[in-house]
Amino acid sequence: MGSGRALPVMAAGPSRFVMAEAHWIPRPADVNEIPALEQLIRRSARGLSRDHYSDAEVEAAIAHVFGVDSELIADRSYLLIEEGGVPIACGGWSRRRTLFGGDQFAGRDDALLEPARDAARVRAFFVDPNHARRGLGVALLQACEAAAAAAGFRALELMSTLPGVDFYAANGFVAGEPIAHDAGGIALRFVPMRKLL
Ligand SMILES: CC(C)(COP(=O)(O)OP(=O)(O)OC[C@H]1O[C@@H](n2cnc3c(N)ncnc32)[C@H](O)[C@@H]1OP(=O)(O)O)[C@@H](O)C(=O)NCCC(=O)NCCS
């Protein structure tokens, strides 16, 4: 079990257990942290995608799709987890229509979603390869889900990378039909996924 897992600990009073996060505490990212987050995203994509994408596909994704969407930073809905002052995981949610892609991605629509009708977006989850499978992704996802639910949303949607599919499926998302997304002439396979809150 990793040191960051949620551990059952005794609360005050007899026979009462609560779940406490040991130390993964997501917080909103600030605009001055974008360069460090861009580095983390590149590190994550290059280190954790090799079983699913070729080197050329990973580099095309980094150049054309993966990255920070500064609109989420402004909305305070892009979260990070840090260790020793360095971000080791990031991911967010959005009340806006854009489904995926960083600032360099052209297919954007910042129109606000309607919580009663639309699904909130889950956006750009990237974990440092040295910290994979330690519960960071789940900690971020739970924080996003709670915030989206508190904003009135009843469903979540995302466009997953191939390496992300098992992670999201383990967290209750259902996969749709895979798509091929053109990234500078290279077809990237992505998978739309959805979850009811
Ligand atoms: C997908 C990603 C965010 C998961 O982050 P993580 O912190 O390693 O995930 P967690 O430790 O919270 O995993 C939670 C559960 O999800 C599932 N899971 C996570 N990664 C998995 C993998 N590579 N293969 C199979 N199941 C996986 C497991 O059930 C896991 O629980 P377990 O470790 O007890 O078996 C991370 O692998 C990543 O950054 N990948 C590269 C970037 C990327 O493609 N991101 C998706 C963008 S849409």
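Trainee: How many other C-beta atoms does R76 have within 10 Å?

Mentor: Keep in mind that this is a predicted model, where local features need pLDDT of at least 70, side-chain atom pairs count only at pLDDT 80 or more, and totals for chains, interfaces and linings use all residues. Residues are numbered from 1 along each chain as its sequence is written. A residue is buried if 20 or more other C-beta atoms (placed from the backbone) lie within 10 Å of its own, exposed if 12 or fewer, and partly exposed in between. R76 counts as partly exposed because its number of other C-beta atoms within 10 Å is 13.

Trainee: Where is R76 found?

Mentor: Helices (H or I, at least four residues) and strands (E, at least two) are DSSP runs, numbered from the N terminus. R76 is not a glycine, yet its phi is positive, about 65°. Most residues other than glycine have a negative phi. As for its place, R76 is in the loop between helix 3 (70–75) and strand 4 (78–83).

Trainee: Is A124 buried or exposed?

Mentor: A124 is part of strand 6, and it is another residue other than glycine with a positive phi, near 50°. Because A124 has 26 C-beta neighbours inside 10 Å, it counts as buried.

Trainee: How many helices and strands does the protein have, and what share of its residues is buried?

Mentor: The secondary structure comes to five helices and 10 strands. Of the 197 residues in the protein, the buried share is 35%.

Trainee: What share of the contacts with a separation of 6 or more joins residues 24 or more positions apart?

Mentor: Two residues are in contact if their C-beta atoms, placed from the backbone, lie within 7 Å. Among the contacts in the protein with a separation of 6 or more, the share from residues 24 or more positions apart is 66%.

Trainee: How do helix 1 and helix 2 run relative to each other?

Mentor: Axes are lines fitted to C-alpha atoms, for helices over the stretch in contact, and angles run from 0 to 180 degrees between N-to-C directions. Helix 1 and helix 2 (residues 55–64) pack at about 160°, with their axes 10 Å apart. Angles under 35 degrees count as roughly parallel, over 145 as roughly antiparallel, 65 to 115 as roughly perpendicular and the rest as oblique. Helix 1 and helix 2 are therefore roughly antiparallel.

Trainee: Which residues make the contact between helix 1 and helix 2?

Mentor: From helix 1 come R42, A45 and R46. From helix 2 come V58, A61 and I62.

Trainee: Which residues does I41 touch, leaving out those up to four places away in sequence?

Mentor: I41 sits in helix 1 and is buried, because it has 21 C-beta neighbours inside 10 Å. Its C-alpha atom is separated by 7.6 Å from that of V127, 86 residues apart along the chain. Not counting residues up to four places away in sequence, I41 touches F66, G67 and F126.

Trainee: How far apart are the C-alpha atoms of F153 and E114?

Mentor: F153 belongs to the loop between helix 4 and strand 7, and it counts as buried because it has 23 C-beta neighbours inside 10 Å. Outside the four places on either side in sequence, its contacts include P115 and L197. F153 and E114 are 39 residues apart along the chain, and their C-alpha atoms are separated by 8.1 Å.

Trainee: Which residues are closest to the ligand?

Mentor: A residue is near a molecule or strand if its C-beta atom, placed from the backbone, lies within 6 Å of it. The ligand is surrounded by 21 residues, and helix 1 (34–48), strand 6 (120–127), helix 4 (136–150), strand 7 (155–161) and helix 5 (165–170) each supply at least two of this shell. The closest are G137, T161, G164, D166 and A170.
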